Amino acid sequence: MAQNCLLIDLDGTLYHGERMVPGADTLITTLNEQGIPFLFLTNNSSATPQDVSARLNKMGIPATPQQVCTSSMATAAYIAEHKADATVAVFGEHGLRSAITEAGLTIVDSVDAIPDYVVQGIDREFSYQKLAEAGRLILAGATFISTNPDLLLPGAGGLMPGAGTLGSALKAMTGTEPIVIGKPSAILMNFAFTLLNTQASEVTIIGDNMMTDIKAGTQSGCRSLLLLTDEGVTTPQNIEIHQKLAESKPDLIKHNLQEIEQWVLTLH
Ligand SMILES: [Mg+2]
């Protein structure tokens, strides 16, 4: 079993938009050199592991697709575990569709047949028509799964609605709570533990968001490290409020990636 493993959040932790956070490249290089097992862990369901690693590489951060764990991968694995030959209606982007197909599941686009599952992720072409179709399938008995609960995302022109906001509309239409896969759900965390061939007690999750990253640590039983900066979701100004909202406290707090790198070197 792997020991001293890390799960590392991406947006707000290793980069902001297309800009690498200073020290992200050397932190990951150090992890590789020290042989510390880790995964990049993202709630974003829109991209494939190949897309994610290519994006990191473009910013100068070393990464391979095998080091990426997405909410789409965990969603597909969750469904395959419950029903290996499931039919799935996907309301999401290509990273989600690709993960569902790779898990051997069947995507159904026809609204005539009721699929086993309706899976909803971020969909930047979401529409009234899609809301109607997804809602009708759930009302007709398909199991409702949401890739992640994030309500808001940072965008170039300001805040954008996240997958959780679209899921909230579906929830309102159907009166049905989705099974939520992404952070803070333990479903994504347990999937990541399996990929790392480890268990919660050997893992530290690193991230900037109390409500997703740190709460995921609390809910799955692993250690959590909050990156507390003026630029992340959690800042010195809002940490008290966010701790209350998340009903969680980080086990460790670091103020930049250099401090995290120093801490990492104490693991071995
Ligand atoms: Mg983040």
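Biologist: Which residues are the protein donors of the magnesium ion, and how are the donor residues spaced in sequence?

Modeller: In this predicted model, the protein donors of the magnesium ion are Asp9 (OD), Asp11 (O) and Asp208 (OD). These atoms lie 2.1 to 2.2 Å from the ion. Along the sequence, the spacing of the donor residues is D-x1-D-x196-D.

Biologist: Is Asp9 buried, partly exposed or exposed, and what is the state of Asp11?

Modeller: Buried means under 20% relative accessible area, and exposed means over 50%. Asp9 has a relative accessible area of 9%, so Asp9 is buried. Asp11 has a value of 36%, and therefore Asp11 is partly exposed.

Biologist: How many residues of S13 are buried, and which of them point one way and which the other?

Modeller: In a regular strand the side chains alternate between the two faces of the sheet. In S13, Thr204 and Ile206 point one way, whereas Val203, Ile205 and Gly207 point the other way, and all are buried. S13 is therefore largely enclosed by the rest of the structure, the count of buried residues being 5 of the 5.

Biologist: What is the handedness of the β-α-β unit made by S13, helix H8 and S14?

Modeller: The unit consists of S13, helix H8 (residues 210–220) and S14. Its handedness is right-handed.

Biologist: Why do the buried residues of H10 line one face of the helix, and what covers them?

Modeller: In H10 (residues 257–264), the residues Leu257, Ile260, Glu261, Trp263 and Val264 are buried. Seen down the axis, they fall within an arc of 160 degrees, so they line one face of H10. What covers them includes helix H1 (24–34) and the strands S1 (5–9), S13 (203–207), S14 (223–227) and S15 (252–254).

Biologist: Which residue caps the N-terminal end of H10?

Modeller: The backbone nitrogen of Gln258 lies 3.1 Å from a side-chain oxygen. The residue that supplies this oxygen and caps the N-terminal end of H10 is Asn256.

Biologist: What arc do the buried residues of H1 cover, and which residue follows the helix?

Modeller: Ala24, Leu27, Ile28, Thr30 and Leu31 are buried in H1. They cover an arc of only 155 degrees around the axis, which puts them on the same side of H1. Their cover includes S1, strand S3 (19–20), strand S4 (38–42) and H10. The helix is followed by a residue whose phi is positive, near 70 degrees, namely Gly35.

Biologist: How many residues lie between S10 and S11 in the hairpin that they form?

Modeller: Strands S10 (residues 152–155) and S11 (residues 158–161) run antiparallel and are joined by 4 bridges. Within this pairing, Leu153 stands opposite Met160 in S11. The number of residues between the two strands of the hairpin is 2.

Biologist: Is Cys69 buried or exposed, and what is its relative accessible area?

Modeller: Cys69 is found in strand S5 (residues 68–70). Not counting residues up to four places away in sequence, Cys69 touches Leu39, Phe40, Leu41, Thr42, Leu188, Phe191, Ala192 and Leu195. Cys69 is buried, with a relative accessible area of 0%.

Methods
Residues numbered from 1 in each chain as written. Predicted model: local features only at pLDDT ≥ 70, side-chain atom pairs only at ≥ 80, totals over all residues. Heavy atoms only, no water. Donors = N, O, S within 2.8 Å, 3.2 Å for Na, K, Ca; no water. Buried < 20%, exposed > 50% of the residue type's maximum accessible area, 1.4 Å probe, protein only. Arc of directions from axis to C-beta. Contact = heavy atoms within 4.5 Å. Polar contact = N/O pair within 3.5 Å; in protein donor to acceptor, adjacent residues only side chain to side chain. Right-handed = clockwise from strand over helix to strand, strands pointing away. Pairing = 2+ DSSP bridges.
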